[in-house]
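Please look over the sequence and the predicted model shown below. The report that follows takes up strand pairing, the sheet, and a pocket.

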Amino acid sequence: MSTATGAMGQGAPADLVRGAMAAQAKAGPMQQLLRMAVGRETLVVPIETVREILEVGRLTPLPQTPDFVRGVMNLRGAVVPVIDLNARFGFGRTELGRRSAIIVVEAKGDDEHGRLIAGVLVDAVFEVLEVDSQRIEPAPTLGVAIAADFLAGMVNVRGSYAALLNLDQVLSPAALAALMSGSPGA
């Protein structure tokens, strides 16, 4: 009996290592995501789309723009529009607090407008997560407050889910231009 126990005791660590190696081989490439809050929603965006994170500073309001356009800011000599994600998703304007932040992001754009650099106003920024890209799940069609077009998937973060934003859709120049040509406050 002691021989069998000794053999199992010696084999168990090797089995654990082999199991861990097999699990790692099945895992996809790791993706870094920035976790943030917008209203009651926990969202993530790919870190490669983030250029910088800023405290909310002075914004110059633009007349006759929808509520989701909070204004423009000067970023080292460049004029950058600031989009309020709460308002963009139809949750109402963001109430600025001490944790509010502007995340300067780059979206793909489209054939007519090219890439877009914009600031997105969020309620809070939390952390950068490293997630196995194969563990990103499709966004459900029901039970999510954000329009499905704006979501690229869902990510399990410590037993809770965060919505992975599709910034190319959220900040689509054509869609934003169409909304901007509508009535103010739209």
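## Strand pairing

In this predicted model, strands E6 (residues 101–110) and E7 (residues 114–122) run antiparallel and are joined by 8 bridges. Within this pairing, Ala-101 has Val-122 of E7 standing opposite.

## The sheet and its helix

Strands E6 and E7 belong to an open sheet of 5 strands, whose order is E3-E6-E7-E5-E4 and whose pairing is mixed. The edges are taken by strand E3 (50–55) and strand E4 (69–75), and because each of these has a single partner strand, one side of each remains without a neighbour in the sheet. From one strand to the next, the twist averages 35 degrees.

Helix H4 (residues 173–181) packs on this sheet, where the helix touches E4, E6 and E7. The direction of H4 makes about 110 degrees with that of E6.

## The largest pocket

The largest pocket holds about 200 Å³ of space. Its lining is made up of 13 residues, of which Pro-81, Leu-116, Pro-173, Leu-176 and Met-180 are the closest to the centre of the pocket.

Two or more residues of the lining come from each of strand E5 (78–84), E7 and H4, and H4, with 4 residues, gives the most. By residue class, the lining of the largest pocket divides into 10 nonpolar, 2 polar and 1 charged.

Technical notes:
Residues numbered from 1 in each chain as written. Predicted model: local features only at pLDDT ≥ 70, side-chain atom pairs only at ≥ 80, totals over all residues. Heavy atoms only, no water. Pairing = 2+ DSSP bridges. Axes fitted to C-alpha atoms, helices over the stretch in contact; angles between N-to-C directions. Contact = heavy atoms within 4.5 Å. 1 Å grid on protein atoms, 1.4 Å probe; cavity = no way out; pocket = protein on both sides within 12 Å on 5 of 7 lines; lining within 4 Å. Points joined across faces, edges and corners; volume = space filled by probe spheres on them. Nonpolar A, V, L, I, M, F, W, Y, C, P; charged D, E, K, R; others polar.
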